[in-house]
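Here are my notes on this one, written as numbered points. Keep the viewer open as you read and look for each residue as it comes up.

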Amino acid sequence: MSGYQWGMLPKDFSPHSTVHSFYRRYRIKGVWEKVMHELDKTSRIKYERSDNPSYGIIHKVLPPQVPQKK
């Protein structure tokens with residue numbers, strides 16, 4: 001990882017500024033969220049599961065606690 005992934009696009013892509021502007025516009029419009037939802041639904045149907053899960057699990061990782069000095 002370099003911290004500059006947009007600059008690491010394959011050479012046959014458009015300039016990274018162009019790719020990033022398309023990505024940003026689609027993110028703001030909610031296109032990526034819709035795409036991911038459809039991919040998830042398609043995958044669930046492929047594996048014979050309900051396309052709308054009845055529950056979800058949320059896992060939050062908390063940072064380590066620093067002991068307080070007394």
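1. A quick definition to begin with: helices here are DSSP runs of H or I with at least four residues, numbered from the N terminus. That helps with Gly30, which sits just after H1 and takes a positive phi of about 85°. Also keep in mind that you are looking at a predicted model.

2. Now the overall picture. The chain has two helices and zero strands. Of its 70 residues, 3% count as buried. The chain exposes about 7,400 Å², and carbon and sulfur atoms supply 59% of that area.

3. Take helix H1, which covers 16–29. It has 14 residues, and the distance from its first C-alpha to its last is 20 Å, close to the 20 Å expected at 1.5 Å a residue.

4. Helix H2 covers 31–46. Just after H2, Glu48 takes a positive phi of about 55°.

5. Next, the surface. Which residues form the nonpolar patch? They are Trp6, Phe22, Tyr23, Tyr26, Trp32, Val35, Met36 and Leu39, and together they have about 750 Å² of accessible area. H1 and H2 each supply at least two residues of the patch. The largest share, four residues, comes from H2.

6. Some of those names turn up again among the rings. There are three aromatic pairs in the count. One of them joins Phe22 and Tyr26: their ring centres are 6.2 Å apart and their planes meet at 55°, so this pair is tilted. To be called edge-to-face, the planes would have to be over 60 degrees apart.

7. How far apart are Phe22 and Tyr26 in helix H1? They are four residues apart, so about one helical turn separates them. Here is the general idea: an α-helix has 3.6 residues a turn, so residues three or four places apart point the same way.

8. Step back and look at the rings as a group: Phe22, Tyr23, Tyr26 and Trp32 form one aromatic cluster. The charged end of Arg25 sits over the ring of Phe22, 4.7 Å from the ring centre.

9. How many salt bridges does the structure hold? There is one. It links Glu38 with Lys41, and their closest N and O atoms are 3.6 Å apart. If you check that distance, the cut-off to compare it with is 4 Å. Glu38 and Lys41 both lie in helix H2, three residues apart, which is about one turn of the helix.

10. Glu38 has 39% relative accessibility and counts as partly exposed. Lys41 has 23% and also counts as partly exposed.

11. Last, find His37 in helix H2. At 43% relative accessibility, His37 counts as partly exposed. Then look along the chain to Asp51: the C-alpha atoms of His37 and Asp51 are separated by 9.9 Å, with the two residues 14 apart in the chain.

Technical notes. Residues numbered from 1 in each chain as written. Predicted model: local features only at pLDDT ≥ 70, side-chain atom pairs only at ≥ 80, totals over all residues. Heavy atoms only, no water. Buried < 20%, exposed > 50% of the residue type's maximum accessible area, 1.4 Å probe, protein only. Areas by Shrake-Rupley, 256 points an atom, 1.4 Å probe, with all protein chains shown as cover. Patch = residues over 30% accessible without salt bridge, like charges linked within 9 Å, V, L, I, M, F, W, Y side chains within 5 Å. Salt bridge = Lys/Arg side-chain N within 4 Å of Asp/Glu carboxyl O. Expected span 1.5 Å × (residues − 1). Phe/Tyr/Trp six-rings, centres within 6.5 Å; stacked < 30°, edge-to-face > 60°. Lys NZ or Arg CZ within 6 Å of the ring centre and 35° of its normal.
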